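This briefing concerns a three-dimensional model and its sequence. Please consult both while reading the points that follow.

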Amino acid sequence: MSAGRILSASGYQVTVFDKGFRCGGRYATRRIDGFSFDHGTPYFKPSQIPEDLKDILEKPYLRSWPYDLSEKGEDALVSMPAMRSFPEELGRGLDVRQGVEIEKLSFSDDVFIAETADTSSGPYDAVLLTAPGPQTADLIEGLLPLGEDLLQAARKVTYAPQFSVLIGYDFLRDAPAIIHNPTPKIAKIVNQAKKPDRPIKSAFVVFCAPEWSFENLDRPKDEVAQIILKDLQNILFEHSVAGDGLDNPVYLAVHSWRYCRIETSAGLTPEAQIDTRSALAVAGDWIMLPDTHGALSSGINAARQIEIKLSNRS
Ligand SMILES: Cc1cc2nc3c(=O)[nH]c(=O)nc-3n(C[C@H](O)[C@H](O)[C@H](O)COP(=O)(O)OP(=O)(O)OC[C@H]3O[C@@H](n4cnc5c(N)ncnc54)[C@H](O)[C@@H]3O)c2cc1C
């Protein structure tokens, strides 16, 4: 979306394909049974917004959330009314097509064609791939020898998986907004009801520790849910939250993130984000910096590289 904004502002016609039915990728929100669970990125920081996008800090869909954070003493930033609203708003005005998985790319006469299972679209002068590294690599493979260096870089990338456990109650009970590292199993508990503009019902997203998630990847999700629910009850009890009813949530689900946080990034400089022979480029948090800042800034860098390549052509 950050790349799309830059290219669109420069006058290019941009089409975004996303295989997800809802916009957002790992900026994910599940709205169900009157709950709103941000089970991907729970919040981010103002310093993670690159200079070229700083104007969005003034937008009403972003709100400072005075909890946590960091040595820098920054408040968290959350988007309204859900975390996925942030990428949705970034993409406003672009031609964004949800629920469309690109399965294959082809290239001839300096233009690309994108194919899904049942249709093709294009021609496109440039293509920017922002799927996770392994999925991007699969798409580049079909274009070889184009994008050989990009393929090698994308194949290098590794991710740590992680469970998010979503727990909702039909009552509201006061509890801390964020609890960090309460047990070796749990990296963070985020109280959804304390976030601005969220439903006023007790709802928690428990972010499991990456090591524990990895060790338990093959465990049935029901078992993971029950283990984490028990831990949540104990932790809330330690934080003086009344315990009755906490064993009986009305919503309990596990989301398993196969590609959660980057372990090994591709380490690509902005100039190396584009193919030497064509306007095929890559972006995402796997390029250099493994977080929101990395995703946004790599998109901006890729857009600049595409602009240079296309202007050299004309
Ligand atoms: C549980 C969790 C907690 C996190 N916490 C934080 C945090 O506190 N702070 C922080 O900064 N970051 C955090 N992150 C990381 C942050 O979410 C990512 O760095 C960021 O969202 C990456 O954005 P991206 O656009 O690179 O990738 P993604 O958000 O993964 O987007 C990739 C997109 O590609 C689409 N796609 C894939 N293949 C295809 C295809 N073939 N055709 C069409 N579309 C395709 C997917 O549908 C998806 O929308 C967290 C992530 C998770 C999962």
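Which residue stands opposite Phe-112 in S8? Phe-107 holds that position. This is a predicted model, in which local features need pLDDT of at least 70, side-chain atom pairs count only at pLDDT 80 or more, and totals for chains, interfaces and linings use all residues. Residues are numbered from 1 along each chain as its sequence is written.

**The sheet**
- An open sheet is formed by 3 strands in the order S7-S8-S9, with antiparallel pairing; strands are DSSP runs (E, at least two residues), numbered from the N terminus, and two of them pair if DSSP finds at least two bridges between them.
- S7 and S9 are the edge strands, each pairing on one side only.
- On average, neighbouring strands of this sheet are turned by 20° against each other, direction ignored (axes are lines fitted to C-alpha atoms).

**Pairing and hairpins**
- Strand S7 (residues 104-108) pairs with S8 over 5 bridges in the antiparallel sense, and Lys-104 stands opposite Glu-115 in S8.
- The hairpin of S7 and S8 has 2 residues between the strands, and Asp-109 takes a positive phi near 50° there.
- S8 is joined to the antiparallel strand S9 (residues 120-124) by 3 bridges, with Glu-115 opposite Ser-120 in S9.
- The hairpin of S8 and S9 has 4 residues between the strands.

**Faces of S8**
- In S8 (residues 111-115), Phe-112 and Ala-114 point to one face and are buried (20 or more other C-beta atoms within 10 Å of the residue's own, with C-beta atoms placed from the backbone).

Technical notes:
Buried ≥ 20, exposed ≤ 12 C-beta atoms within 10 Å, placed from the backbone. Axes fitted to C-alpha atoms, helices over the stretch in contact; angles between N-to-C directions.
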